[in-house]
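Trainee: I am new to this structure and would like a close look at a single part.

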Amino acid sequence: MTTAPPSPDTSQSSRQSLAHGLLGAALLHIERARRGTVDWSEAHRALAGIGPLIDGRDANLFLGAPAMALALHLAADGTDRYAGALQTLDGVVAEHAWQRLTTAHARINAGRRPDFAEYDLFRGLTGIGALLLRRQPCSAELKGVLEYLVRLTEPVTGETGETLPGWWVNHAPASDKTATPGGHANAGMAHGITGPLTLLSLAMRADVTVDGHEAAIRRICRWLDQMRQSDFRGTRWPRWISHRGAAPAQPATPSWCYGTPGLARAQQLVGIVLEDGNRKRMAERALLHCLSDPDQLDKVADRGLCHGFGGVLRTAQRVAQDAEAPTIFEERIRPITSRFLTADAPEEAGFLTGKAGAALAFQDAESGAEPQGQWDVCLLLT
């Protein structure tokens with residue numbers, strides 16, 4: 001399991017949390033308005049109540065000014081809605097990116113290890129890069145983020161002379177504070193290197209590249225290949241590597257944030273941009289087996305996006321769009337939809353683990369149509 005970025009316990013930050021607050025719930029209003037099932041006034045009211053925006057060190061893709069920029073981008077939907085506000089926020093995000101990049105490069109130059117908040121999707125530069133790829137794809141700021149991610153993948157030397165991945169953190173995973181004494185290298189989409197891998201691949205798919213771009217993608221994939229496990233139960237990846245070795249790959253809950261679904265989507269995208277048919281097929285087969293394995297699916301407890309059936313559904317839909325045999329995925333998605341309906345409904349109203357995210361994921365699954373909208377850009381699925 002993973003955890004959303006923590007927010008200070010204030011009403012202001014609660015409103016501006018894309019993960020758990022009103023801003024995340026507004027994404028459902030925006031998507032319904034875009035589809036024409038509700039009036040745009042409902043979305044406008046949801047966005048109007050957010051309040052003064054948080055910036056500075058606490059801001060990230062899921063909190064404050066960058067989160068609002070994403071929400072308004074989705075609400076604009078290619079029109080001039082919110083044009084003035086978005087122009088202002090683009091400037092704020094650009095300045096925020098440079099501040100974060102300066103700090104990150106200084107940390108690397110000093111030979112210190114990163115933490116999740118520096119590089120990951122939720123709190124770090126991968127999330128800022130995902131926003132820049134949508135809002136400012138030709139910007140120097142996006143290229144700066146990609147250059148940083150290339151540098152992040154370069155191996156480093158540990159305290160005893162061992163070679164470590166550049167994204168090795170000294171702290172433990174959020175789900176288990178005692179699991180990794182001496183730190184670990186995380187493989188997940190939310191907090192691990194699969195987030196940067198996916199952003200690098202999506203940028204390359206959009207013809208945005210920097211020096212060392214492809215080499216960085218291949219470096220991450222070699223690391224994932226070294227830890228990949230395949231047997232009669234399918235293909236899977238441990239959640240992290242520590243000085244003790246790999247975390248157990250089974251039993252594990254299949255989810256967007258960790259586990260086969262997120263890792264399969266990431267490597268499918270790698271296969272597409274590098275024209276690596278073998279990797280693409282491997283990733284698609286891994287997800288197909290996961291979606292067909294009752295033992296794995298029985299571990300999913302709720303409807304949420306992060307580690308529930310909502311995230312599995314949306315990830316499978318995005319994989320199906322780019323798959324060699326999309327109809328096979330469509331056959332697997334139908335029983336997943338049934339499991340979604342029988343799973344526990346979220347208690348909170350938010351996006352990442354709440355009712356809004358679950359409803360967003362279910363919209364297209366219910367109709368059997370291809371996934372619409374771009375709300376899952378913050379999950380790096382498209």
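Trainee: Leaving aside neighbours within four places in sequence, which residues is Phe351 in contact with?

Mentor: This is a predicted model, in which local features need pLDDT of at least 70 and side-chain atom pairs count only at pLDDT 80 or more, while totals for chains, interfaces and linings use all residues. Residues are numbered from 1 along each chain as its sequence is written, and side-chain values use heavy atoms, with hydrogens and water left out. Contact means heavy atoms within 4.5 Å. With neighbours within four places in sequence set aside, Phe351 is in contact with Leu18, Ala19, Gly24, Leu27, Phe62, Leu305, Ala356, Gly357, Leu360, Trp375, Cys378 and Leu379.

Phe351 and Trp256 have the most contacts inside the largest nonpolar core, which has 98 residues. Such a core is a set of buried Ala, Val, Leu, Ile, Met, Phe, Trp, Tyr and Cys residues joined through side-chain atoms within 4.5 Å; buried means under 20% relative accessible area, with a 1.4 Å probe and protein chains only. Helix H4 (residues 65–76) gives this core its largest share, ten residues. Helices are DSSP runs of H or I, at least four residues, numbered from the N terminus. Apart from this core lies another, of 22 residues, including Leu287, Ala343, Phe362 and Ala365.

Thr315 is part of helix H14 (residues 309–322). Thr315 counts as buried because its relative accessibility is 0%. A polar atom of the Thr315 side chain lies 2.7 Å from the backbone oxygen of Gly311.

Notes: Helix = DSSP H or I, 4+ residues; strand = E, 2+ residues; numbered from the N terminus. Buried < 20%, exposed > 50% of the residue type's maximum accessible area, 1.4 Å probe, protein only. Polar contact = N/O pair within 3.5 Å; in protein donor to acceptor, adjacent residues only side chain to side chain.
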